[in-house]
Amino acid sequence: MRGTETLRLRGVTGALAAVLHLPARPPTPLVIACHGLLSTNDSPKYVELADALAEAGLTCARFDFGGCGGSAGALKETTVARRVAELAAVAEALAAHRCVAGGLGLMGSSLGGLIALRHAKGDPRVRAVVTWATPADLKDLQGEEALLLRYGLGRPLLEELERGEGLEAPGGLARCLILHGAADALVPVAHARALYARAAEPKDLAILPGADHVFSDPAARAEALSRTVVWFTRFLLDGAA
């Protein structure tokens, strides 16, 4: 029977809040959704995506990175490396869940997409990745100290950016779907094209007309959701290489 399960997962420095959306016939492959820098897992697009994936027969987890939403920690302590480690902890914990069996898919929006790609590079369980509005690198954030501090971010992230660590999404990953809005004012479309150029086949790129950074247009979001579900179904359920 379909439903949801609320979880507290062990993170790097504290508990991470997560919600598992269960399909009608578990166990199944798992998709983990990764939110952006200042977002949370209860953003409507993640809830809609998790429901759609469960309807399609996949288990989906949406969770809050440390210092966001219901997770322990402080946003001012976040770094890219810490978020990659938190995603790894979530993936490891859920791999043993009774409703999970088979491959792993990762979906990430904005910075969450870069985090997903970085984790996928080192985790052979990952069979497919979908990114929404994701930067190919974080070089545009270098020197933006006042802006980052204004949004509650802190010295750890600033120092990480100053050192040039974790600024670029990895290349060579196969089975990547890159979705981006043509009207994204925060992350230019050139980032999507760069991600696509770095990825290995099979891969796909879709620039959605009129879509902004958060896919607020209902038609654009519906298309993004549909494409995402089809991609994960293809590589996690249908067994395509």
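Good morning. By the rule used here, there is one cavity of 30 Å³ or more. The rule works on a 1 Å grid over the protein atoms alone, where a cavity is a set of points at which a 1.4 Å probe fits but cannot get out. A pocket, by contrast, is an open set with protein on both sides within 12 Å along at least five of seven lines, and lining residues have an atom within 4 Å of a point. Grid points are joined across faces, edges and corners, and a volume is the space filled by probe spheres set on the points.

Before I continue, a word on the source. This is a predicted model, in which local features need pLDDT of at least 70 and side-chain atom pairs count only at pLDDT 80 or more, while totals for chains, interfaces and linings use all residues. Residues are numbered from 1 along each chain as its sequence is written, and side-chain values use heavy atoms, with hydrogens and water left out.

The largest cavity holds about 70 Å³. Its lining consists of Leu117, Thr131, Pro170, Gly171, Gly172, Leu173, Cys176, Ile178, Leu195, Arg198 and Ala199. Strand E7 (176-181) and helix H6 (189-198) are the elements that give two or more residues to that lining. Helices (H or I, at least four residues) and strands (E, at least two) are DSSP runs, numbered from the N terminus. By class, seven residues of the cavity lining are nonpolar, three are polar and one is charged. Here Ala, Val, Leu, Ile, Met, Phe, Trp, Tyr, Cys and Pro count as nonpolar, Asp, Glu, Lys and Arg as charged, and the others, Gly among them, as polar.

The largest pocket has a volume of about 680 Å³. Of the 31 residues that line this pocket, Leu37, Ser110, Leu141, Leu186 and His213 are the closest to its centre. At least two lining residues come from each of H1, helix H2 (80-95) and helix H4 (145-150). The pocket lining divides into 17 nonpolar, nine polar and five charged residues.

I turn now to helix H1, residues 44-55. Its twelve residues reach 16 Å from the first C-alpha to the last, close to the 16 Å expected at 1.5 Å a residue; the expected span is 1.5 Å times one less than the number of residues. Which residues of H1 are buried? They are Lys45, Tyr46, Leu49, Ala50, Leu53 and Ala54. Seen down the axis of H1, these buried residues fall within an arc of 165 degrees, so they line one face of the helix. The arc is that of the directions from the helix axis to the C-beta atoms. Buried means under 20% relative accessible area, exposed over 50%, and partly exposed in between (1.4 Å probe, protein chains only). The face of H1 turned away from the buried side carries the exposed residues Pro44 and Glu55. The buried residues pack against several elements, including strand E2 (15-22), strand E3 (28-34) and helix H7 (218-237). Contact means heavy atoms within 4.5 Å. After H1 comes glycine 57, whose phi is positive, near 100 degrees.

Helix H3, residues 111-122, is mostly covered, with nine of its twelve residues buried. Those buried residues pack against E3, H2, E5, E6, E7 and H6.

Finally, the backbone. Most residues other than glycine have a negative phi, and most peptide bonds are trans. Where does phenylalanine 215 lie? This residue is in the loop between strand E8 (203-208) and H7. At 0% relative accessibility, phenylalanine 215 counts as buried. Among the residues it touches, not counting those up to four places away in sequence, are Trp132, Ala133 and Leu179. Phenylalanine 215 and tryptophan 132 are 83 residues apart in sequence and 8.7 Å apart in space, C-alpha to C-alpha.

Alanine 133, in the loop between E6 and H4, has a positive phi of about 50 degrees although it is not a glycine. Alanine 133 counts as buried, at 0% relative accessibility.

There are also cis peptide bonds to report. One joins proline 26 and proline 27, with omega about 5 degrees; proline 27 is in the loop between E2 and E3. Another runs from glutamate 201 to proline 202, with omega near -5 degrees, and proline 202 lies in the loop between H6 and E8. Thank you.
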